[in-house]
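Dear colleague,

I am passing a structure on to you for your study. Please open it first and then read the notes below.

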Amino acid sequence: MKRIGIFGGTFDPPHLGHLIAAEKVREACVLDEVLFVPAALPPHKAGQSISESYHRLAMTELATQDNASFDVSDIELVRSGPSYTFDTLLALRSPMKVLSLIIGYDNFATFDTWHRYKEIAQLATLIVVARGPDRDDAADLPENVKLLELPLIDISSTEIRARVREGKSVRYLVPEPVREYIEREGLYR
Ligand code: ATP
């Protein structure tokens, strides 16, 4: 049995906060693999300018390429229509795999509004990641949910996009191949 942690996000761009969190979760939950799953344009981010899927996929591949326990799936990008986590889990599950879903504490707060959330909880163990101040609120979670407390790494994709736009350095905030890709492709200008 292979233990897979599914880590969804926009990854526009992927940054060291994502990678540090993924590595800590992998270690703490003894996962064989963390699968990064870039999301198709999420409905709540429609209207904001999100980079093309192929850029986000390429950057996520560059960000994870040096870690043999990290992999990337384009499953939500090649599917048409909205990206439902339920459909992703259904497509990824196999008799050889135990799936976990890695979600932030803020997302978990609205988990019961997700499409077919009860089935999601049957298909995968939920790993709820609480960062910084969230850690105090996240104390009482249902028993089948695993809580993982992480230090707050204060990096966001929003900050990185803003820095690039302002001509500032993003060195040491994103992996070097991602920084080079952003520069080469002229993203976020
Ligand atoms: P944006 O600033 O564009 O909203 P983001 O930096 O939050 O982006 P996402 O791609 O939306 O990045 O995040 C994917 C997942 O990674 C989410 O579950 C989010 O909570 C988590 N995440 C984002 N930044 C960090 C960080 N610095 N440390 C740990 N987890 C993070």
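Two strands are said to pair if DSSP finds at least two bridges between them. Helices (H or I, at least four residues) and strands (E, at least two) are DSSP runs, numbered from the N terminus. Please note that this is a predicted model, in which local features need pLDDT of at least 70, side-chain atom pairs count only at pLDDT 80 or more, and totals for chains, interfaces and linings use all residues. Residues are numbered from 1 along each chain as its sequence is written, and side-chain values use heavy atoms, with hydrogens and water left out.

Strand β1 (residues 2–9) pairs with strand β2 (residues 33–38) in the parallel sense, over 6 bridges. Within this pairing, Phe7 stands opposite Phe36 in β2. Between β1 and β2 the chain passes through helix α1 (residues 16–28), a β-α-β crossover that is right-handed (with the strands pointing away from the viewer, the path from the first strand over the helix to the second runs clockwise). Strand β1 also runs parallel to strand β4 (residues 97–104), joined by 6 bridges.

The whole structure holds 7 salt bridges (a side-chain nitrogen of Lys or Arg within 4 Å of a carboxyl oxygen of Asp or Glu). In one of them, the closest N and O atoms of Arg179 and Glu176 are 2.6 Å apart. Glu183 also forms a salt bridge with Arg179, at 3.3 Å. Glu183 and Arg179 are 4 residues apart in helix α9, about one turn. Salt bridges with shared partners link Arg171, Glu176, Arg179 and Glu183 into one network.

With kind regards
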